[in-house]
Amino acid sequence: MGLSDNLKGVILAVASSAFIGSSFILKKKGLKRGGASGIRAGVGGYTYLLEPLWWAGMITMIMGEIANFVAYIYAPAVLVTPLGALSIIVSACLAHFLLNERIQKMGIVGCVSCIVGSVVIVIHAPQEHTPSSVQDIWTLATQPAFLVYVVATLSAVLALVFHFEPHYGQTNILVYLGICSLMGSLTVVSIKAIGIAIKLTLDGMSQIAYPQTWFFLTVAVICVITQLIYLNKALDTFNATLVSPVYYVMFTTFTIIASVIMFKDWSGQNAGSIASEICGLITVLSGTIILHVTREQEPPPPPEP
């Protein structure tokens with residue numbers, strides 16, 4: 001008996017979390033080494049590009065993102081995205097041993113909460129409803145409700161980049177991670193659209209000729225590059241065990257909102273299942289917050305001369 005699409009998505013999402021959680025630590029160590037020998041990434045430096053550890057982290061993250069990409073083809077975002085909480089546990093454990101960023105007893109409670117919440121979400125997740133063509137996905141992307149979300153998201157990103165980053169970027173973690181998370185929600189829906197187009201093409205219904213396929217690909221590339229730039233700034237400026245959970249909370253929230261609006265993930269589910277998923281999500285988010293507030297704070301890096 002073959003695996004269901006949702007189970008395939010779960011397995012891929014768990015593997016993705018392991019890779020991505022490890023990548024945070026490898027990139028952090030690479031950024032530290034790069035900052036010690038040149039200008040830090042947090043103030044515009046790029047010496048980390050010469051560090052093998054940073055590239056190891058990038059390769060690991062790419063592997064995780066590929067697994068995540070395929071997971072979104074098989075399962076809805078409301079199932080795949082919350083499982084990213086497991087990357088927080090991986091990141092926290094590795095940071096404890098490799099970066100001396102100690103995890104407290106309450107942090108363990110936070111990790112357990114993430115696992116429990118993820119299990120609840122997996123049990124009550126809706127089945128994936130795959131559109132029949134990229135044109136159907138385009139219809140979903142151009143519905144008024146989702147267009148309002150896109151406009152609001154891009155407006156918030158522009159405000160963060162041009163107004164808040166110059167004044168608060170080095171002191172408030174929400175600035176960099178707000179940009180990453182908002183753009184990340186657009187990345188996920190675009191990547192899901194591309195993944196579905198690839199799956200349909202492999203099934204014999206080519207989607208390559210449709211301009212919508214290439215539009216989604218262009219949006220995904222732009223969003224991913226933006227995410228990487230600001231995630232590097234956040235990792236270089238703040239404690240890795242702060243960046244990982246806060247990024248997860250914000251990214252998960254915005255991604256689920258975007259997916260529910262665009263793909264109507266909750267359509268056809270009863271109120272009890274939706275309530276259970278929301279409770280599971282709240283449990284996961286609470287776990288990340290507990291892990292966040294119980295972490296040792298890393299002193300801010302010295303200002304550049």
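Over residues 145-162 the chain is 100% helix and 0% strand, with 26 Å between the C-alpha atoms at the two ends. The model is predicted. Residues 145-162 are among the stretches that an unreviewed UniProt entry lists under "transmembrane region". The points below cover a further listed stretch, one serine within it, and the cysteines.

**Listed segments**
- The UniProt entry, which is unreviewed, gives residues 6-26, 46-67, 73-99, 106-125, 145-162, 174-198, 210-230 and 242-262 as "transmembrane region".
- Residues 106-125 are 95% helix and 0% strand, and the C-alpha atoms at the ends of this stretch lie 28 Å apart.

**S113**
- S113 sits in helix α5, which covers residues 105-124.
- S113 counts as buried because its relative accessibility is 17%, and the cut-off for buried is under 20%.
- Apart from neighbours within four places in sequence, S113 contacts T283, V284 and G287.
- The C-alpha atoms of S113 and L291 are 9.7 Å apart, although 178 residues separate the two along the chain.

**Cysteines**
- Zero disulfides are found in a search of the whole structure.
- C180 takes part in no disulfide, and the nearest cysteine sulfur, in C223, is 11 Å away.
- C180 has a relative accessible area of 0%, so this residue is buried.
- For C114, the closest cysteine sulfur is that of C111 at 6.3 Å, which is too far for a bond, because a disulfide needs the two sulfur atoms within 2.5 Å.
- C114 is buried, with a relative accessibility of 0%.

How values were computed
Residues numbered from 1 in each chain as written. Predicted model: local features only at pLDDT ≥ 70, side-chain atom pairs only at ≥ 80, totals over all residues. Heavy atoms only, no water. UniProt positions renumbered as here; feature names shortened; annotations may be inferred. Helix = DSSP H or I, 4+ residues; strand = E, 2+ residues; numbered from the N terminus. Buried < 20%, exposed > 50% of the residue type's maximum accessible area, 1.4 Å probe, protein only. Contact = heavy atoms within 4.5 Å.
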